[in-house]
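Notebook open, model loaded. I'm jotting down what I looked up, in the order I looked.

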Amino acid sequence: MKFLKKLDHIGYAVNDIESTARRYIESGWTMSEIYEETIQKARIAFLTKEGFPKIELVSPGNYDHSPVDTILKRSGVAPYHLCYVVENVMEAMEALYEEGFMPIFMPVESIAMGNRKICYLQSLQIGTIEIVEE
Amino acid sequence: MNRDEIIVRLTPIAQNDFEKQDMILSDEQSSETVDTWTSFAFMRFLSDIEKEFGIKFKMMEVLSLKTIGDIVEAIAKH
């Protein structure tokens, strides 16, 4: 995992962004706008507060067959991935694949991440990670 | 190796990894049609296939495997 440069955020599966965000906002967190990620079939918003890692709230919204539905069924509202910054998504994917990570889909541009390329990978030992190009 | 031989060896792996002891494989089965076909179950499935058939899928190949039919075809090519 030497291609991972730093932690970007913790991904958090939620049923409803507004209701989860409200609890954080009451405690001084700031929420970004809510983004519609049609390719990923999810709604996304970020929560930030000085001294804390960034949190990404991911909800299935109104999308059919959103992958977030599966996560919510399995684990309920819960953190489910760590996102790391990498220099080059394709190179990092190849290296992580050789280390036993399985990519879930080809890299896509994420609107919520400023149109930077992202990809999700999974490992039986590490779980789910997201990588985002710096 | 022909398709039938692949299916015979693939079936117990699928039954175990997708936790369906009565699963009968068909080409069109995918995460859309098999309710226990999660990304983690699929990852275990591919890993067990590599062990059973002594092959190693390429990363781009993995990304193109969506159905049982795709997987059977990919095994046959190795």
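This is a predicted model: local features need pLDDT of at least 70, side-chain atom pairs count only at pLDDT 80 or more; totals for chains, interfaces and linings use all residues.

**Loop residues in chain A**

I started at His65(A), which counts as exposed because it has 10 C-beta neighbours inside 10 Å. My cut-offs: buried means 20 or more other C-beta atoms within 10 Å of the residue's own, exposed means 12 or fewer, partly exposed is in between, and C-beta atoms are placed from the backbone. His65(A) sits in the loop between β5 and α2 of chain A. Helices (H or I, at least four residues) and strands (E, at least two) are DSSP runs, numbered from the N terminus. The phi of His65(A) is positive, about 55°, although the residue is not a glycine.

Residues are numbered from 1 along each chain as its sequence is written, while chains are lettered from A and ligands numbered from 1 in the order in which they are written.

I checked Lys41(A) next, and it has a positive phi of about 55° too, although it is not a glycine. Lys41(A) lies in the loop between β3 (35–37) and β4 of chain A. With 17 other C-beta atoms within 10 Å, Lys41(A) is partly exposed.

Asn62(A) counts as exposed, with 9 C-beta neighbours inside 10 Å. I took its C-alpha distance to Glu99(A): 35 Å, for 37 residues apart in sequence.

**Confidence in chain A**

I looked up pLDDT, the predictor's confidence in each residue, from 0 to 100. Chain A averages 94, and 100% of the residues score at least 70. Within chain A, helix α2 (residues 67–75) is lowest at a mean of 89, and strand β2 (residues 30–31) is highest at 98.

**The core**

Which residues have the most contacts inside the largest nonpolar core? I got Leu57(A), Val58(A), Cys119(A), Leu121(A) and Ile131(A), in a core of 42 residues. Strand β4 (residues 42–48) of chain A gives the largest share of this core, 5 residues. A nonpolar core here is a set of buried Ala, Val, Leu, Ile, Met, Phe, Trp, Tyr and Cys residues joined through C-beta atoms within 7 Å.

I then listed what Leu121(A) touches, not counting residues up to four places away in sequence: Met93(A), Leu96(A), Phe101(A), Met102(A), Pro103(A), Ile104(A), Ile129(A) and Ile131(A). Contact means that the C-beta atoms of two residues, placed from the backbone, lie within 7 Å.

Helix α1 (residues 17–25) of chain A has Ile17(A), Thr20(A) and Ala21(A) buried. They cover an arc of only 100° around the axis, so they are on the same side of α1(A). The arc is that of the directions from the helix axis to the C-beta atoms. Ser19(A), Arg22(A) and Arg23(A) are exposed on the other side of α1(A). The cover over the buried residues of α1(A) includes β2, β4 and β5 of chain A.

I followed Ile75(B) to Ile6(B): their C-alpha atoms are separated by 7.6 Å, although the two are 69 residues apart along the chain. Ile6(B) is in helix α1 (residues 3–17) of chain B. It counts as partly exposed, with 19 C-beta neighbours inside 10 Å. Beyond its neighbours within four places in sequence, Ile6(B) contacts Met1(B), Val72(B), Ile75(B) and Ala76(B).

I counted 4 helices and 0 strands in chain B. Buried residues make up 15% of its 78 residues.

How many residues of chain B are in contact with chain A? I got 9, against 11 residues of chain A. The largest share of that side of chain B, 5 residues, comes from α2(B).
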